[in-house]
Amino acid sequence: VLRIFQDHYPERLAQAFLIDPPWLFSSLWSVVQHFVDHDTKQKIQFVNDAPAKRRQRLASFFELSNLEEAVGGDAREPFDSHTYLNTKLGGTEFGLELAEQLAL
């Protein structure tokens, strides 16, 4: 399955962040990573740093104002997937950033 995704859907993943994953994920990853392409492997990040270091690390990829406080961001309102999934402009939701979706 990994080979199919890597061969037929290249570069679909920019980065994947696993924030405070249970130890089981790290254990499984230590086995599975040997079967994953090197470029894909570099895109998987386990984030279990101390709060200050976590904020610094996440700030290099995200606007902290868009991340919930629970994961190290500044947003007090929790993420609502319905806002993202149900927002459409011109019949489609593609191409809209979260801030644009919230404005609709």
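Helices (H or I, at least four residues) and strands (E, at least two) are DSSP runs, numbered from the N terminus. Q45 is found in strand β2. The model is predicted: local features need pLDDT of at least 70, side-chain atom pairs count only at pLDDT 80 or more, and totals for chains, interfaces and linings use all residues. Residues are numbered from 1 along each chain as its sequence is written, and side-chain values use heavy atoms, with hydrogens and water left out.

The protein chain has six helices and two strands. From the N terminus on, the elements run α-β-α-α-β-α-α-α. Buried residues make up 20% of the 104 residues. Buried means under 20% relative accessible area, exposed over 50%, and partly exposed in between (1.4 Å probe, protein chains only). The chain exposes about 8,200 Å², of which carbon and sulfur atoms supply 58%. Accessible areas come from the Shrake-Rupley method with a 1.4 Å probe; for residues, only the protein chains shown count as cover. A contact means heavy atoms within 4.5 Å. Among contacts between residues at least 6 apart in sequence, 40% join residues at least 24 apart.

Strand β2 spans residues 44-47 and includes I44. The C-alpha atoms of I44 and Q15 are separated by 6.1 Å, although the two residues are 29 apart along the chain. Not counting residues up to four places away in sequence, I44 touches L13, A16, L18 and W29. Q45 is buried, at 11% relative accessible area.

A salt bridge is a side-chain nitrogen of Lys or Arg within 4 Å of a carboxyl oxygen of Asp or Glu. By this rule there are four salt bridges. D49 is buried, at 18%, whereas R57 is partly exposed, at 23%. R54 and D20 meet in another salt bridge (2.6 Å, N to O). This pair links distant parts of the chain: R54 lies in helix α4 and D20 in the loop between β1 and α2, 34 residues apart. R54 is buried, at 7%; D20 is partly exposed, at 45%. A further salt bridge joins R55 and D74 (2.9 Å, N to O). R55 lies in helix α4 and D74 in the loop between α4 and α5, so the pair ties together parts 19 residues apart in sequence.

Rings of Phe, Tyr and Trp (its six-membered ring) pair if their centres lie within 6.5 Å; planes under 30 degrees apart count as stacked, over 60 as edge-to-face and the rest as tilted. The count comes to three aromatic pairs. F17 and F61 form an edge-to-face pair, 5.0 Å centre to centre with 70 degrees between the planes. F17, F61 and F62 form one aromatic cluster.

W23, L24, F25, L28, V31, V32 and F35 make a nonpolar surface patch of about 770 Å². Patches are made of residues with over 30% relative accessible area and no salt bridge: like charges are joined within 9 Å, nonpolar side chains (Val, Leu, Ile, Met, Phe, Trp, Tyr) within 5 Å. F35 sits in the loop between α2 (23-32) and α3 (38-41). F35 counts as exposed, at 58% relative accessibility.
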